[in-house]
Amino acid sequence: MTDAAPESAPPACGWHSPPVRAVRLHGGFMALILALCGAAAVAGPMFAMDDYTLSQRLLVASVPVALLALAGGFIGSRLRHQRWKLDAEGLWLRQGRLWWREVRVPASRVQHVDIKHGPLERRFGLATLVVHTAAATLAGITVRGLASDDAQHLRDALARQLDDAGDAL
Amino acid sequence: MEQAPLLTALPQDGREHRLHPLSWLFVLIAQLKQFIVPLLVLLVAGRGDRNDLWGLIAAAVLVATSLAQYFTYRYRLGADAIVIRSGWLHRSLREIPYARIHNVDLQQSLLHRLVGVAEVRLESAGGAKPEAQMRVLTMAQAQALEALVRGHGASPGDARGDSSTAAPLLTLPPAELVRLGLVSNRGLILVAAAFGALAQAGGDLLETLFEHWGRWLFGWLTEQIGGHAHDSPLVLTLAAISLALTVLFLLRLLSIVLAFLHFYDFSLREDDGRIQVERGLLARSRASAKRRRIQSWTLREGILQRWLGRRSLQVETAGGPRGQQPGQQVLKELAPIATPSACDALLARLLPQAHWPALDWQPLHPRAWLKLALPGLLLIALLVLPACWRFGPPGLLVLLLAPLQLWRARRLADACGWADNGAVVAWRAGWLDKRWSLAEIDKLQAVRLSQSPLQRRFGMADLLLDTAGASPFGAPLQLRQLPLEAAQALSARLLSRMARKRLRW
């Protein structure tokens with residue numbers, strides 16, 4: 001590995017919030033997805049409205065699409081409430097604001113860790129980290145919108161703690 | 001002492017042996033089960049056509065392969081390993097050291113029992129498939145093999161093969177089985193399935209059934225009372241009530257029959273760190289699991305059970321490879337029905353670190369009852385308007401439900417509680433149907449603390465403690481409406497303990 005300082009401390013203790021570009025990307029992406037769904041849904045009725053001109057039809061159709069896009073942007077940008085932290089006991093992940101939740105996984109219970117990069121995420125230097133546990137409900141804990149470097153660090157730190165625990169056995 | 005029957009049943013003379021002479025029959029049956037759908041399609045769809053020849057050919061091929069399997073399968077019992085040679089074109093030789101065999105699984109269906117044989121599976125720690133599947137050995141051979149493996153097991157100091165002589169922790173005499181049938185709804189599920197099937201296939205069979213009932217009853221009543229019994233509301237009510245009672249009675253009877261079928265000669269044993277359940281009237285089934293494989297324990301007590309003075313004890317095991325094989329029994333019901341003191345004794349023996357029932361139960365948030373009552377209260381508020389519009393002022397009577405709902409929520413909140421004694425964490429819930437769930441803290445995998453807006457207003461939080469055995473539809477340890485500080489402190493305590501101890505499967 002090209003890691004310059006292998007014995008460096010795990011990423012600074014304290015809460016990490018997602019970078020602004022990650023929030024924007026997720027908001028934009030969700031807005032796009034929902035807008036496309038909306039467009040697909042109104043396409044049929046739009047063709048059926050024979051009595052109106054094209055511009056009138058487009059105007060009518062744009063209202064639900066725009067509303068859906070707004071909703072999507074709102075849903076996607078809820079990522080800004082996400083905070084994560086890695087300490088000696090494991091990973092903390094806080095999400096949401098109104099419906100707030102905090103998941104904690106000790107490093108000793110991590111089965112394996114995945115890093116996912118979508119094409120868009122790669123373009124912006126972002127990554128999604130999935131921490132797999134043996135639990136039934138909290139089987140895959142997903143940390144979205146990490147900077148690529150953070151994701152690598154987090155994965156290495158969790159994997160190293162796994163190795164350490166294995167040695168102690 | 002066990003040496004003599006063991007030697008005669010299963011000589012360790014270093015020679016190769018074949019399976020039971022009737023093995024091919026059971027191999028054939030197992031294969032037929034796999035091919036049952038295509039075979040049925042062939043037989044039914046091709047009826048009257050010339051295609052029935054294909055069905056015959058397929059059956060002949062299956063018989064030939066099962067015979068070939070019987071003639072090519074040999075096993076030899078060495079000093080410390082069993083060697084299995086099988087296959088004709090594709091040969092395989094497999095040597096399994098006794099010490100590696102974690103479990104010897106004996107399975108008997110009705111046919112197996114008639115012939116006096118058993119299907120034996122030798123299982124090691126990992127892997128989705130058993131190390132070896134011996135279809136079939138005589139019962140004496142199977143038990144001798146089990147004893148042999150146990151004797152060579154990881155703990156050689158133990159007495160060998162006395163699992164069947166050790167006194168069971170729990171057995172169910174017939175009176176208990178009747179009680180089990182009375183409290184369980186197995187019959188209901190079966191009847192619901194039957195109704196579904198009838199509605200799908202039978203068409204008007206169901207309708208005819210109802211019609212006959214009505215005609216028979218009405219005819220009888222008309223004779224008794226005379227006149228127009230059909231119009232009298234009294235007779236109609238009588239008919240409905242009697243039908244309901246008959247159905248209820250038949251359902252309970254069916255439940256009792258099913259309880260006998262499933263749980264006849266039930267025995268729960270603990271042996272060498274393994275917990276084993278054996279049960280069944282026609283098809284015997286035997287499920288076992290290592291004690292440390294058990295992820296969570298649940299004690300239940302419904303209303304009917306409480307009236308009869310009984311409880312039930314269930315466990316969740318980790319969904320390893322064992323759980324996913326068809327035909328493989330998963331250990332779930334440790335005690336389908338038992339007196340509270342028997343359940344307590346079982347828990348005290350199998351989960352000693354819980355010190356059950358002496359747990360220090362902590363209450364919920366003082367205003368948890370309000371949170372529990374709110375959804376029902378909202379529903380009542382929503383119902384009042386339509387009720388008034390439909391029935392006029394008497395519709396306001398719906399409001400009488402509100403105090404009832406408050407009272408129920410109060411009882412419910414009082415019944416819930418949580419406990420943590422440093423080794424085991426527990427949650428009790430339910431007012432009419434009571435439930436106590438316990439899990440070792442070392443078996444927890446992850447913890448989730450959550451808060452809805454309403455809960456934040458009250459200063460309470462939910463805590464989900466997830467284990468590997470929980471079903472995805474509702475983990476047993478879902479602690480609700482805890483005071484926020486208590487939930488946070490518990491989460492921190494559990495986490496520091498989980499982080500210290502590495503998970504042991």
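**A first walk through the model**

Guide: In chain A, if we take the contacts between residues at least 6 apart in sequence, 53% of them join residues at least 24 apart. Please keep in mind that this is a predicted model.

Visitor: OK, and how many helices and strands are there in chain A?
Guide: Chain A has four helices and six strands, and reading along the sequence they come in the pattern α-α-β-β-β-β-α-β-β-α.

Visitor: What share of the residues in chain A is buried?
Guide: Of the 169 residues in chain A, 37% are buried.

Visitor: At what angle do H1 and H2 of chain A pack?
Guide: The angle between H1(A) and H2(A), the latter covering residues 54-76, is about 155°, and their axes are 7 Å apart. Angles over 145 degrees count as roughly antiparallel, and therefore H1(A) and H2(A) are described as roughly antiparallel to each other. The crossing in which H1(A) passes H2(A) is right-handed.

Visitor: Which residues meet there?
Guide: On the H1(A) side they include A:Gly27, A:Met30, A:Ala31 and A:Leu34, while on the H2(A) side they include A:Leu68, A:Ala69, A:Gly72, A:Gly73 and A:Gly76.

Visitor: Is A:Gly27 buried or exposed?
Guide: A:Gly27, which has its place in helix H1 of chain A, is buried, with a relative accessible area of 8%. Apart from neighbours within four places in sequence, A:Gly27 is in contact with A:Gly72, A:Gly73, A:Gly76 and A:Ser77. As for A:Gln152, which is 125 residues from A:Gly27 along the chain, the two C-alpha atoms are separated by 24 Å.

Visitor: Switching topic, how many aromatic pairs are there over all chains?
Guide: The count comes to five aromatic pairs over all chains. One of them is formed by A:Trp15 and A:Trp92, with 5.6 Å centre to centre and 85° between the planes, and this pair is edge-to-face. The pair links distant parts of the chain, since A:Trp15 is in the segment before helix H1 and A:Trp92 is in strand S2 (residues 90-95) of chain A, 77 residues apart.

Visitor: How accessible are those two, A:Trp15 and A:Trp92?
Guide: A:Trp15 is partly exposed at 34% relative accessible area, whereas A:Trp92 counts as buried because its relative accessibility is 13%, and the cut-off for buried is under 20%.

Visitor: What lies over the face of A:Trp92?
Guide: That is A:Lys85, at 4.5 Å from the ring centre. Elsewhere in chain A, the charged end of A:Arg123 sits over the ring of A:Phe124, 5.4 Å from its centre.

Visitor: Now chain B: how do H14 and H15 pack?
Guide: In chain B, helix H14 (residues 368-391) and helix H15 (residues 401-415) pack at an angle of about 150°, with 8 Å between their axes, which makes H14(B) roughly antiparallel to H15(B). The crossing of H14(B) past H15(B) is right-handed, and the residues making the contact include B:Trp369, B:Leu372 and B:Gly376 of H14(B) and B:Leu406, B:Ala409 and B:Ala413 of H15(B).

Visitor: Where is B:Ser296, then?
Guide: B:Ser296 is found in strand S12 of chain B, a strand of residues 294-301, and with a relative accessible area of 1% B:Ser296 is buried. Setting aside neighbours within four places in sequence, its contacts include B:Gln314, B:Glu316, B:Leu438, B:Thr467 and B:Pro476.

Visitor: And which peptide bonds are cis?
Guide: Among them is the bond from B:Arg135 to B:Val136, with omega near 0°, where B:Val136 is in strand S7 (residues 132-138) of chain B. Another cis peptide bond runs from B:Trp356 to B:Pro357, with omega near -5°, and B:Pro357 has its place in the loop between helix H13 and H14 of chain B.

Visitor: Last one: what is phi of B:Asp265, and of B:Gln481?
Guide: Phi of B:Asp265 is near 55°, a positive value in a residue other than glycine, and phi of B:Gln481 is likewise near 55°.

Technical notes: Residues numbered from 1 in each chain as written. Chains lettered and ligands numbered in written order. Predicted model: local features only at pLDDT ≥ 70, side-chain atom pairs only at ≥ 80, totals over all residues. Heavy atoms only, no water. Phe/Tyr/Trp six-rings, centres within 6.5 Å; stacked < 30°, edge-to-face > 60°. Helix = DSSP H or I, 4+ residues; strand = E, 2+ residues; numbered from the N terminus. Buried < 20%, exposed > 50% of the residue type's maximum accessible area, 1.4 Å probe, protein only. Lys NZ or Arg CZ within 6 Å of the ring centre and 35° of its normal. Contact = heavy atoms within 4.5 Å. Axes fitted to C-alpha atoms, helices over the stretch in contact; angles between N-to-C directions. Parallel < 35°, antiparallel > 145°, perpendicular 65-115°, else oblique. Left-handed = near helix turned anticlockwise from the far one by under 90°.
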